[in-house]
Amino acid sequence: GLRAEAAALAQRLEELARRHEKTCEEVFRVQRQALFMKSERQAAEERLGAAQKQLAEAQDEARRLRELHGHAEDSARLVRDRDRKITELSKEVFRLKEALNALPEPRGPSQSPPDTAALQARIRGLEEKLAETETRHSKVVTLYRSHLLYAVQ
């Protein structure tokens with residue numbers, strides 16, 4: 001009876017040893033899978049961080065481009081204003097020159113009427129102002145072009 005009981009216990013021990021072996025294999029497989037999942041999660045988090053960084057950089061670039069676009073529009077408005085002023089000053093200079101040419105020629109060099117001298121002084125002043133405005137205009141156009149080129153790049 002003891003041998004039969006010993007054989008039954010030995011068989012049960014063998015069965016428990018097989019179950020223990022299977023359980024150890026299952027635990028090892030689960031640990032390996034957990035490690036794999038952990039590395040996958042870390043890789044996904046790294047990709048997420050890189051994507052968030054790229055998104056932030058793209059948003060910064062978009063904001064900077066919007067600012068540059070605003071500057072370019074402001075520059076374009078300034079260019080239009082300068083063009084209009086240059087046109088107005090050119091017309092004024094042309095009218096004054098015509099008015100000066102329409103005046104009768106002075107008979108003596110020292111007898112120029114006061115209106116002629118004032119008109120000549122005004123013409124010189126307007127021509128200087130026109131030259132200064134054209135210089136500023138060219139600077140604004142250069143700035144506008146550089147903003148546009150930078151925005152395109």
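## Basis of the values

The model is predicted, with local features needing pLDDT of at least 70 and side-chain atom pairs counting only at pLDDT 80 or more, while totals for chains, interfaces and linings use all residues. Residues are numbered from 1 along each chain as its sequence is written, and side-chain values use heavy atoms, with hydrogens and water left out.

## Overall form

The C-alpha atoms of the protein chain fill a box of roughly 160 × 20 × 15 Å along the principal axes. The radius of gyration is 46 Å, whereas a compact globule of 153 residues would have one near 15 Å, where the radius is taken over C-alpha atoms and the globule rule is 2.2 Å times the number of residues to the power 0.38.

## Helices

The protein chain has 2 helices and 0 strands, assigned as DSSP runs (helices H or I, at least four residues; strands E, at least two) and numbered from the N terminus. The 101 residues of H1 should span 150 Å at 1.5 Å a residue, and the end C-alpha atoms of H1 are 146 Å apart, which agrees; the expected span is 1.5 Å times one less than the number of residues.

## Nonpolar core

The largest nonpolar core has 7 residues, namely Ile86, Leu89, Val93, Leu96, Ile123, Leu126 and Leu130. Helix H1 (2-102) and helix H2 (114-152) each give two or more residues to this core, and H1 gives the most, with 4 residues. Such a core is a set of buried Ala, Val, Leu, Ile, Met, Phe, Trp, Tyr and Cys residues joined through side-chain atoms within 4.5 Å, buried being under 20% relative accessible area (1.4 Å probe, protein chains only).

Technical notes. Buried means under 20% relative accessible area, exposed over 50%, partly exposed in between (1.4 Å probe, protein chains only).
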